[in-house]
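This report describes selected parts of one protein chain. Please keep the sequence and the three-dimensional view at hand while reading.

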Amino acid sequence: MFSMLQKVQWTQKIAAAGVVAVIRANSVSEAVKISDAVIAGGMRAIELTFTVPQADQAIKEVKTKFAQPDLIIGAGTVFEPTSARLAIMAGAQFIVSPSFNSAVAKLCNFYQIPYIPGCGTVNEMQKALTYGADIIKLFPGSVYGPAMVKSVLAPLPQVNLMPTGGVNLDNMADWFAAGVIAVGSGSQLTRPAATGDYQQVTANAQAYMSKLADLRQQQ
C-alpha cells in the first residue's frame, strides 16, 4: 500500500499539479461538490481540510468518485497524529498542517506519505526538513510575499516551497518567478460555493489552470 517510491511520485504529482485547491466546507456533500467543481476546471491536486465535519469520509468519497491516475487527494489543517492517521487510512496521499508538528512528521514518514507543514521562518523550515518534510507550506503567504521565497532559497536551495493564503490570479506569476514549486488556493478559488455557484468555482479553476499553463510555457 505504501512505499518510498510512491512517496516521491506523490510529491512529484503535487509539483506537476501546480495549484492545490484548498477545500473547506460545512459538510461532506458540500466538500464533494466543490471537489467536483475544481476537478471539472482542470485542477489535479485537492486538499480537503479537517475543518470539514467527517473530513476523513469526505476524503474517502472524493477518492472513490474521482479515481483518476493524475489526481492527488490530501488532507489539510492536520494538527496532530490522530487526524493524520485517520486521513491516511481514508486514502489521503499527502498531509498538510498550518504549523510544524514532529509527531505528524514521524507518522507521515512511517507511512511514506508526503508531509507539508506550515512554516514562516528559516529556523522552522530547517527543523521541518530535518524531520523529512517534503514540501514546506509558506503560511500565511499574504504576510510574507514572494520576496520571502527568494530570501529562503538563498540559504536553503533544496527546499520545496508552496505558499498558501493570499495566492490569487494576480500574484501567481510573482510566486512562481520567485521559485515555488506549487501554490495553494482556498477562498479565492472556492468562494462562490458559499452561494451554491459551483459553475463559477469551475470557471475559477479553469482560470487558475490557464494561468499556470501560460507561466510554464514562458519558462
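This is a predicted model: local features need pLDDT of at least 70, side-chain atom pairs count only at pLDDT 80 or more; totals for chains, interfaces and linings use all residues.

## The residue after helix α4

Which residue takes a positive phi just after α4? That residue is Gly91, with a phi of about 115°.

## Helix α4

At its N-terminal end, α4 is capped by Glu80, which has a side-chain oxygen 3.0 Å from the backbone nitrogen of Thr82. Within the helix, the residues Ser83, Ala84, Ala87, Ile88 and Ala90 are buried. Viewed down the helix axis, these buried residues fall within an arc of 160°, so they line one face of α4.

The elements that cover the buried residues of α4 include helix α3 (55–65) and helix α5, together with strands β3 (72–76) and β4.

## Helix α5

Helix α5 comprises residues 102–111. At its start, a side-chain oxygen of Asn101 reaches to within 3.0 Å of the backbone nitrogen of Ala103. The helix is followed by Gln112, whose phi is positive, near 55°.

In α5, the buried residues are Val104, Ala105, Leu107, Cys108 and Tyr111. They lie on the same side of the helix because they cover an arc of only 165° around its axis. Lys106 and Phe110, by contrast, are exposed on the other side of α5. The buried residues of α5 pack against helix α4 (81–90) and against two strands, β4 (95–97) and β5 (115–119).

In β3, 5 of the 5 residues are buried, so the strand is largely enclosed by the rest of the structure. Ile72, Gly74 and Gly76 point one way from β3, whereas Ile73 and Ala75 point the other way; all are buried.

Strand β2 (residues 45–49) runs parallel to β3, and 5 bridges join the two strands. Within this pairing, Glu47 has Gly74 of β3 as its bridge partner. Between the strands, the chain passes from β2 through α3 to β3, and this β-α-β crossover is right-handed.

## Summary

Strand β3 is largely enclosed and is joined to the parallel strand β2.

Conventions
Residues are numbered from 1 along each chain as its sequence is written. Side-chain values use heavy atoms; hydrogens and water are left out. Buried means under 20% relative accessible area, exposed over 50%, partly exposed in between (1.4 Å probe, protein chains only). Helices (H or I, at least four residues) and strands (E, at least two) are DSSP runs, numbered from the N terminus. The arc is that of the directions from the helix axis to the C-beta atoms. Contact means heavy atoms within 4.5 Å. A polar contact is a pair of N or O atoms within 3.5 Å; within protein, one must be able to donate a hydrogen and the other to accept it, and residues adjacent in sequence count only if both atoms are side-chain atoms. Two strands pair if DSSP finds at least two bridges between them. A crossover is right-handed if, with the strands pointing away from the viewer, the path from the first strand over the helix to the second runs clockwise.
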